[in-house]
Amino acid sequence: MLLIRGLSWLILFQLIGTALNVLFLPFLPSAIIGMVLLVVFLRFRGRVSDSIETASSGLLRFLPLLLTPPATGIMMYGSEIAADAAAILVSLTVSFILVVPLVGHLMQYLIKRQLRKEGV
Amino acid sequence: MNALSMAWSAVVAHPLFLIGLTLGVYQLGQALYERTRMALLHPLIVAITLLIPALWLLGLEYPAYRDAVFPLTMLLAPATVALGVPLYHNMRRIRQYFWPVMITLMVGGVFVTVVTLLLAWLLGADFAMLMTLAPKSLTTPIAMAVAEQVGGIAALAAGFVMYTAVLGALMGPWLLNVTGVTEPSARGMALGLAAHAVGTSRALEEGDETGAFAALAMSLMGIVTALLLPVCVAFWMML
């Protein structure tokens, strides 16, 4: 029952997100709006109920499985990228390899600097 | 047609066949990953490298597969909403690191978009291709909408998002290890910003704090790019 109740809450926030997406926020996916609403709701309530905790940890454990079907979609685009294949693969791969350490180090540096400042 | 091949066709045509196949290859990946702990054998990577040839052998196109496994994909929406829970649990830390998060987001977001466009442009990609590449770090629905808006090809943008996802699962945590990023929140920021949902999923494997910052970075990166990229492109066209 806990799982069902928690899942109902998550679906409710998803559906409110869908309504807000159509009404006011066409550039944001409904699930992202739903996530923000859930955070606001939890802040307001001050704690996470057992049902929401059960449903969310249950779903998040299987996130890679849920992402498998969309990721399989890369099989569709072989012929379309053939013309620009080199440009595409190099730019996507190189920018990824550069941005991960850049973001990690910048964030780590800024955190350490802030902690040092707060320390004095 | 003999009885055996009739039975086989019936099995393949059953609505649960492709769901069963997906669950099967995923568990195989999970087992391999738990044995080896090699990023190359992450369940997501194993699953898609087995699924693609399997679908090809069965003579199935991707849209047929996508429709058949819709019950699984449908759960992605509540799972995305569920990311709000780790975000809430780590709210105190996120507020504490408000400025580091914002500065990293701006610098990282601009950097990854500019480097991608610059490299592709130098290698001869045309305007439509550049606009399709630009949203590659975003989560699929935002990336498709943004590509559409700035003059790219939405379906192809989804393909680049997925290629980035595969890079994220393969190399994300490894890149952070070899360059010495140890702070959980910094690892989460990098994975979420550079590799959206798959990066966030990898980050959650490392822990709640890493996962929360990845979910935060993925959402903010999506929101900020959706707002700013069309404006920047419009401005560029006026010059």
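This is a predicted model: local features need pLDDT of at least 70, side-chain atom pairs count only at pLDDT 80 or more; totals for chains, interfaces and linings use all residues.
Some ground rules come first. Local features need pLDDT of at least 70 and side-chain atom pairs count only at pLDDT 80 or more, while totals for chains, interfaces and linings use all residues. Residues are numbered from 1 along each chain as its sequence is written, and chains are lettered from A and ligands numbered from 1 in the order in which they are written.

**Where the chains meet**

Chain A puts 65 residues into its contact with chain B, and chain B puts in 81 residues. Being in contact here is about C-beta atoms, placed from the backbone, that lie within 7 Å. On the chain A side, at least two residues each come from helix 1 (2-23), helix 2 (30-45), helix 3 (50-61), helix 4 (63-72) and helix 6 (85-119). Helix 6 of chain A gives the most, with 25 residues. Helices are DSSP runs (H or I, at least four residues), numbered from the N terminus. Sorted by class, the chain A side has 48 nonpolar, 13 polar and four charged residues. For these classes, Ala, Val, Leu, Ile, Met, Phe, Trp, Tyr, Cys and Pro count as nonpolar, Asp, Glu, Lys and Arg as charged, and the others, Gly among them, as polar.

In chain B, the two domains touch through eight residues of domain 1 and ten residues of domain 2. Helix 3 (43-57) and helix 5 (70-74) of chain B each supply at least two residues of the domain 1 side. The largest share, three residues, belongs to helix 5 of chain B. That domain 1 side is made up of six nonpolar, two polar and no charged residues.

**A helix pair in chain B**

Now for helix 9 (residues 98-122) and helix 13 (residues 184-206) of chain B: their axes come within 11 Å and cross at roughly 35°. The axes are lines fitted to C-alpha atoms over the stretch in contact, with angles running from 0 to 180 degrees between N-to-C directions. The crossing is right-handed, meaning that the near helix is turned clockwise from the far one by less than a right angle.

Helix 9 of chain B makes this contact with Val101(B), Thr104(B), Leu105(B), Gly108(B), Gly109(B) and Val112(B), and helix 13 of chain B answers with Met189(B), Leu193(B) and Ala194(B). By class, that comes to six nonpolar, three polar and no charged residues.
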